[in-house]
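Subject: Structure handover

Hello,

Here is the structure you asked for, with the sequence. My notes on it follow below.

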Amino acid sequence: MTTTAAPATESVPAPAVAPPVVRRSPGSLLLVTALARLGRTLGQVVASAVVIVILWYAFLKVFHLNPLVAKDPKDVYNYLFTVPKAHENRHVIFHGLLQTLGDALSGYIAGTVAAIVVSVLFVLYRPVEQAFLPVAMILRSVPLVAMTPIITLVFGRAVMGVTVIGGIVVFFPSLVNIVFGLRSTPKAAADLVTAYGGNSFTVLRKVAIPSALPALFASARIAVPGAIIGALLAEWLATGKALGYYMEHAQQVFNYGGVWASVIVITAVSVVLYGVVGVIETVVLARYGPAPARGK
């Protein structure tokens, strides 16, 4: 009796299992986005600082400027950290800097809020724009130095006057950018909201403002150095206080080290604040901005 052997079964390879997809929470994505933007900003700041120092030394070398007046980075460092009165120098400059930043903040907020409100009115009501935009452009063409005496007469030399001067510097560039952003609303999205019964305010809230967020933050970044310049101008011409007045007084008494140190400190702070607004912009656009901005 013959036995038939069972046919050999071919081994079938097990199907490949795809690796699990790691899903990050929205909070972690925002954190990663913010850290990436912060890293890029720090890299840009360091690179810019190196270039500025090189150009600074080259400028002094090429034009053979008097060392009594023209200070190099080493002189500024010594003025702030190594000379016998370095502690006093730092105290005076940083105390004035805090006052200047307070003045700049008030002008920054006032100018930005006013620009947003006026931009919304211009977009919703064209007659308002046609009536007031020419007036605004005429006022913008007048040098702020010429307007400062009138501003101080009307609003005084205290916080209100400083806020108005800083707000004017911030207001006009922000107004142009925000109006442009609000009018860059995708027409298809606006028509969709209108088709579902939305009015102009609904289109503004649902479509126009999210679409205008990049322009709004671009204005916010541009307004940072503008607000600081406005504060310094107000302190120089109106209040006689803080870092703006200190720089003028230091020049009058031939304290050129103090002038250069003040310029470097206020410039560094402006760059830092510019970067902070950029990081905030990245986080907000990743969460609330248009779809292309969220994918960045």
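Is Arg221 buried or exposed? Arg221 has a relative accessibility of 16% and therefore counts as buried (buried is under 20% relative accessible area, exposed over 50%, partly exposed in between, with a 1.4 Å probe and protein chains only).

Two notes on the source. This is a predicted model, in which local features need pLDDT of at least 70 and side-chain atom pairs count only at pLDDT 80 or more, while totals for chains, interfaces and linings use all residues. Residues are numbered from 1 along each chain as its sequence is written, and side-chain values use heavy atoms, with hydrogens and water left out.

Overall make-up

The protein chain has eleven helices and zero strands (helices, H or I, of at least four residues and strands, E, of at least two are DSSP runs, numbered from the N terminus). Of its 296 residues, 35% are buried. Among contacts in the chain with a separation of 6 or more, 70% are between residues 24 or more positions apart (a contact means heavy atoms within 4.5 Å). The chain exposes about 18,500 Å², and carbon and sulfur atoms supply 72% of that area (areas come from the Shrake-Rupley method with a 1.4 Å probe; for residues, only the protein chains shown count as cover).

Cores

The largest nonpolar core has 28 residues, and those with the most contacts inside it are Leu80, Ile93, Tyr108 and Leu243 (a nonpolar core is a set of buried Ala, Val, Leu, Ile, Met, Phe, Trp, Tyr and Cys residues joined through side-chain atoms within 4.5 Å). Helices α1, α2, α3, α8 (200-239), α9 (242-252) and α10 each supply at least two residues of this core. The most comes from α8, with seven residues. Leaving aside residues up to four places away in sequence, Leu243 touches Ile93, Gly96, Leu97, Thr100, Leu232, Glu235, Ser262 and Ile266. There is also a second, separate core of twelve residues, which includes Ala136, Leu182, Leu204 and Ala208.

Salt bridges

The whole structure holds four salt bridges (a side-chain nitrogen of Lys or Arg within 4 Å of a carboxyl oxygen of Asp or Glu).

Glu129 and Arg183 form one of them, with the closest N and O atoms 2.3 Å apart. This pair links distant parts of the chain: Glu129 is in helix α4 (residues 126-141), and Arg183 is in the loop between α6 (159-182) and α7 (187-195), 54 residues apart. Glu129 is buried at 12% relative accessible area, whereas Arg183 is partly exposed at 33%.

Asp191 and Lys187 form another, with the closest N and O atoms 3.7 Å apart. Both lie in helix α7, four residues apart, about one turn of the helix. Asp191 is partly exposed at 40%, and Lys187 is exposed at 62%.

Arg221 meets Glu281 in a salt bridge at 2.7 Å, N to O. Arg221 lies in helix α8 and Glu281 in helix α10, so the pair ties together parts 60 residues apart in sequence. Glu281 is buried, at 8% relative accessible area.

Salt bridges that share partners also join Arg126, Glu129 and Arg183 into one network.

Aromatic pairs

There are five aromatic pairs (rings of Phe, Tyr and Trp, the last by its six-membered ring, with centres within 6.5 Å; planes under 30 degrees apart count as stacked, over 60 as edge-to-face and the rest as tilted). One of these, Trp56 with Trp260, is stacked, at 5.5 Å centre to centre and 15° between the planes. Trp56 lies in helix α1 (residues 26-63) and Trp260 in helix α10 (residues 256-288), so this pair ties together parts 204 residues apart in sequence. Trp56 is buried at 12% relative accessibility, and Trp260 is partly exposed at 26%.

The rings of Tyr77 and Phe81 have centres 5.1 Å apart and planes at 35°, so that pair is tilted. Both residues lie in helix α2 (residues 73-81), four residues apart, about one turn of the helix.

Surface patch

Leu105, Ile109, Val113, Val117, Leu121, Tyr125 and Phe201 make a nonpolar surface patch of about 640 Å² (patches are made of residues with over 30% relative accessible area and no salt bridge; like charges are joined within 9 Å, nonpolar side chains, namely Val, Leu, Ile, Met, Phe, Trp and Tyr, within 5 Å). Helix α3 (residues 86-124) gives the largest share of the patch, five residues. Ile109 is in helix α3 and is partly exposed, at 45% relative accessible area.

Regards
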